[in-house]
Amino acid sequence: GKDQDDVVVPTSGGRYDVHLRARQRVAVYWEEEVSEVRRCTWFYKGDKDNKYIPYSESFSEELEEAYMIAVTLDEWKKKLESPNREVIILHNPKLMVHYHPVASSDDWVSTPTEQGRPRTVKRGVENIAVEIPSGEPLQIDHLVFVVHGIGPACDIRFRSIVQCVNDFRNVSLSMLQAHFKKAQEQQQVGRVEFLPVNWHSSLHSTGVDVDLERITLPSINRLRHFINDTILDVFFYNSSTYCQTIVDTVASEMNRLHQLFLQRNPQFRGGVSIAGHSLGSLILFDLLTNQKADPEEDERRAQGSRTTSAMGGIEEVKEILKKLELSEYCDVFEKEKMDRQALFLCTETNLKEMGIPLGPRMKILHYLSSKREMKVWSPSQPWDSAESCTESARNCQYRDVGLGQVSANYPQLNYKPTIFFAFGSPIGMFLTVRGVKRIDPNYSLPTCKGFFNIFHPFDPVAYRIEPMIVPDLEFEPMLLPHHKGRKRMHLELKEGLTRMSVDLKNNLLGSLRVAWQSFTRAPVPALEAGSAEAEAEAEASTEKQPETKAEEPPAAVKEETPLINVGRLNGGNRIDYVLQEKPIESFNEYLFALQGHLCYWESEDTVLLVLKEIYQTQGITLDQPLPGSQ
């Protein structure tokens, strides 16, 4: 009995502990109000729905005692009164009823049969139509920490990060059953655990709310309080004092959760990824850019970049010369072993010594000077050397990773994240505001190899990343495939109408071209016989031309996206992924803008991409590859 008193049972995938003696359920990884646990043996039916509601354990014991006496002595019609003055009558083993409490408290009480409609009382759990969930798989394949954005509420229903992550986790379980069924049957897949990371409460427990309340105007009180509690978090993060508090809280909380998780799951051998929503993604991005990689990895990375530049540098110079229409001088630059870096260090004297004439020299020097003026983001120099970089702008093409970051001591994580997922992220906007115009294609996060920027098309807070890596090329983000393996019907309809309009336009232009040619043809009788074949060929070519053009859909609606080199930030893979809007959302972009920023927690398409990329690192793929996926 003494051993049973202190029994603790982990429930809900190990995120809660049930203390049997105290009858309490306690959250393990986050702060939450303790909830009651009840051992249920006696039930009654509710008023509105027909669900069975359990009595308290103490009253259940009274009912059980009275029931056993009635069974033993075969004396029924027993009447009991609950603490709420509710009357229960045991007529026989199969008929037990519960009456409403008496409305008045005087002596002139009515009999139980006159107290409204009786409710059924039941002993035991047999034949109760309740779906008891089978529980989550015990095997945990991967751990993901999720960091929230501004404010304490994370969705349109003003729910906390814990509740939103619960939704995200539930959707992931259903997506695993739908798209990883074969791997589950072969016991290759268990589940992915998602744990919330809360930094808002730590920030606002520093006493800053009291200081703000002192200076806040009394008018429009609710709006001002909402702004103080949410939007001001962005300004707090741009303050060196509170930025330090935020990054310390996020890093220490993720390290604490990681250590606690490993203690409770000693058999866990999977990887760890991180995800951030809105401002949370920026916090994680700044943390990741300031992580320190292992010395061996740094050397390997440097050696790889040297090899890459040595092999590809000369080819880049050839491309530059070809762009400037100076291909005939490629042999001269190749003979001098001139790569891109050496080219940007060239002066007019150097080019003259190489035997480059004045005209081509001027073209090359103009190209170099225009490129040197660009500000580009790169890990090549420490962030506090921005001034020296500006002074020597001729030799500084790339700007540094930490340019414009708030001066803070960024903590180190105890693990290397496998993938970083950003939902509705303003990272691109903040980098631009900090003075970064371009990200070095060779740059990757020091300790994290994967980076996915996922956003809703109407999200007002989200910005793209890829155009900062490839600024000279216009291309669309990757369209996230629908989790059921097709495009949404309204998008297919829109593309079909676009193709139809293109076909009509091409056919109309072709007809007008034929008519114009016949109208402008010279009416000379001597040429008619000789040019009959030419006319037939001309008409055939004009008829074929619009047909060939009509077969090619415009770039906006092509489903096969051409391969685009977007650098090493995501290991050479695409970074920007856009969700498909729902049909109702396409009616008014502005109306669903806020919903677009808060839709990620229950988005099956988002969850499926996260699971797909996580399990791909383990060599496990979807049962059926989705169309349009990478």
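A residue counts as partly exposed when its relative accessible area falls between the buried class, under 20%, and the exposed class, over 50%. Val34, at 41% relative accessibility, is therefore partly exposed. The model described here is a predicted one. The points below cover a nonpolar core, a nonpolar surface patch, and several loop residues.

**Nonpolar core**
- The largest nonpolar core has 103 residues, and those touching the most other members are Phe145, Val250, Met254, Phe420, Phe421, Ile427 and Phe451.
- Helix H9 (residues 240-264) supplies the largest share of this core, nine residues.
- The core lies between domain 1 (1-40) and domain 3 (140-291 + 410-486 + 564-618), because both domains give residues to it.

**Nonpolar surface patch**
- Phe158, Ile220, Leu223, Phe226, Ile227, Ile231 and Phe235 make a nonpolar surface patch of about 720 Å².
- Three residues of the patch come from helix H7 (residues 221-229), which is the largest share.
- Ile227 is a patch member that lies in helix H7.
- With a relative accessible area of 32%, Ile227 is partly exposed.
- Phe158, also in the patch, sits in the loop between strand E11 (140-147) and helix H3 (161-179).
- Phe158 is exposed, its relative accessible area being 64%.

**Positive phi angles**
- Most residues other than glycine have a negative phi.
- Phe158 is not a glycine, yet its phi is positive, about 60°.
- Asp74, likewise not a glycine, has a positive phi of about 55°.
- Asp74 is located in the loop between helix H2 (57-73) and strand E7 (78-81).
- A relative accessible area of 58% makes Asp74 exposed.

**Val34 and its loop**
- Val34 belongs to the loop between strand E3 (24-27) and strand E4 (35-36).
- The C-alpha atoms of Val34 and Gln24 are 6.4 Å apart in space, while the two residues are 10 apart in sequence.

**Arg574, a buried loop residue**
- Arg574 is found in the loop between helix H21 (532-551) and strand E19 (576-578).
- Arg574 has a relative accessible area of 4%, so this residue is buried.
- A polar atom of the Arg574 side chain lies 2.7 Å from the backbone oxygen of Glu476.

Technical notes. Residues are numbered from 1 along each chain as its sequence is written. This is a predicted model: local features need pLDDT of at least 70, side-chain atom pairs count only at pLDDT 80 or more; totals for chains, interfaces and linings use all residues. Side-chain values use heavy atoms; hydrogens and water are left out. Patches are made of residues with over 30% relative accessible area and no salt bridge: like charges are joined within 9 Å, nonpolar side chains (Val, Leu, Ile, Met, Phe, Trp, Tyr) within 5 Å. Accessible areas come from the Shrake-Rupley method with a 1.4 Å probe; for residues, only the protein chains shown count as cover. A salt bridge is a side-chain nitrogen of Lys or Arg within 4 Å of a carboxyl oxygen of Asp or Glu. Helices (H or I, at least four residues) and strands (E, at least two) are DSSP runs, numbered from the N terminus. Buried means under 20% relative accessible area, exposed over 50%, partly exposed in between (1.4 Å probe, protein chains only). A polar contact is a pair of N or O atoms within 3.5 Å; within protein, one must be able to donate a hydrogen and the other to accept it, and residues adjacent in sequence count only if both atoms are side-chain atoms. A nonpolar core is a set of buried Ala, Val, Leu, Ile, Met, Phe, Trp, Tyr and Cys residues joined through side-chain atoms within 4.5 Å. Domain bounds come from an automatic or database domain assignment.
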